[in-house]
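Here are a few friendly notes to read alongside the model. Take them one at a time, with the structure open beside you.

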Amino acid sequence: MASPASPAPLALASMQRRAMGSVLIAIAILTLMDAGIKLMAGTFGTPQILVMRYSAGLLVAAVLFLGLLVSGRVDLPTWRSLVRSFQRSMLVTLVAACFFYALSVIPLAEATAIAFTAPLYLALLGWLILKEPVDGKTWIAILIGLAGVGVISSSAFANGFSGALSGYIAAAVASFAYAAALVLTRLHAASDPVPTMIMLQSGFSALLALPLLALTIAGFAMDGRPFVPLTSDWLWLALGIGFLGTIGHLFMTYGFKHAPAAKLGPMEYTSLLWAAFYGFVFFAEVPGIRLVLGSALIVIGTWIVMRKEKDTGTVVDAV
């Protein structure tokens, strides 16, 4: 007679279900954060949003870090941790700057869909930098995904270098830089506690954005949008975005810590649904056939790549 299932497999299955639920919650939270940033983009320029988002994130993450430090659950960051975090933050700031600008000129769901090309660029950069092999199927997947980006952004090409076209280009650059950040994390193989990483990333990104804000105040804005004084209402929204970003990162990291990335990766596609929902509710954006067809091509391409990816245990949430 077969013996009953042992507690260990049952406990593992339960842990993986909790991890899957944690990732689904994280995706909903982080996409809501993107919607909040798009709302701010209607009033503020990209450098100002960068400083507000990461300053608020630093405040929330620092409170969490100090609580864990006092309780003895984390240590002060080492010099090597600071150097690694600063290097990643340079790429993260580029990702955020491009993505935040994209949110200001193109629909939320379209910017989110283009962001899904990151695994395609990751495979390409892995081939170039890490010398990881790329077979014929992966090359086809990369071309399919890029075709999806072309479909989504096709209407903008008819109007020359319009604000919309520059937004699609910025979203694609953000996705490429995000993949580069993932490669850098693989090279570093950082083992710092997640609260420490989030706090340092937020702090360095806010510092890196300050020169851009200074240029904006001086009248040399990178996106041509002037400095706008911050009111109390916008301050609360900025703090809310910082809170959502920190909590979302923690939910995401918990999920990837307790279940294989191969099981959790496909769940990130739910952000397309959340982006379409938030876009409709907050900005009256109605998904069109270009978005549906382009997103399908991107999903097919990334699905092919993700099926071939080995679980590295690396989690980076760039913005």
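1. Start with confidence, since this is a predicted model. The protein chain has a mean pLDDT of 82, and 85% of its residues reach 70 or more. Helix 11 has the highest confidence, at 92, while helix 10 (residues 261-264) has the lowest, at a mean of 64.

2. Two stretches call for some care. Residues 1-7 stay under 50 in pLDDT, and the model gives them 1 contact beyond four places in sequence. Residues 310-316 are also below 50, yet this stretch has 11 contacts beyond near neighbours in sequence.

3. Now for the overall picture. You will find 12 helices and 0 strands in the protein chain. Of its 319 residues, 45% count as buried. Looking at contacts with a separation of 6 or more, 88% come from residues 24 or more positions apart.

4. How are helix 4 and helix 11 angled where they pack? Helix 4 (residues 108-115) and helix 11 (residues 270-283) meet at about 165 degrees, and their axes lie 8 Å apart. Because of that angle, helix 4 is roughly antiparallel to helix 11. The crossing of helix 4 past helix 11 is right-handed.

5. Finally, look at the residues that touch. Helix 4 contributes L108, A109, T112 and A113, and helix 11 contributes S271, L272, A275, A276, Y278 and G279. Sorted by type, the residues of this contact are 7 nonpolar, 3 polar and no charged.

Key
Residues are numbered from 1 along each chain as its sequence is written. This is a predicted model: local features need pLDDT of at least 70, side-chain atom pairs count only at pLDDT 80 or more; totals for chains, interfaces and linings use all residues. Side-chain values use heavy atoms; hydrogens and water are left out. Axes are lines fitted to C-alpha atoms, for helices over the stretch in contact, and angles run from 0 to 180 degrees between N-to-C directions. Helices (H or I, at least four residues) and strands (E, at least two) are DSSP runs, numbered from the N terminus. Angles under 35 degrees count as roughly parallel, over 145 as roughly antiparallel, 65 to 115 as roughly perpendicular and the rest as oblique. A crossing is left-handed if the near helix is turned anticlockwise from the far one by less than a right angle, and right-handed if clockwise. Contact means heavy atoms within 4.5 Å. Ala, Val, Leu, Ile, Met, Phe, Trp, Tyr, Cys and Pro count as nonpolar, Asp, Glu, Lys and Arg as charged, and the others, Gly among them, as polar. pLDDT is the predictor's confidence in each residue, from 0 to 100. Buried means under 20% relative accessible area, exposed over 50%, partly exposed in between (1.4 Å probe, protein chains only).
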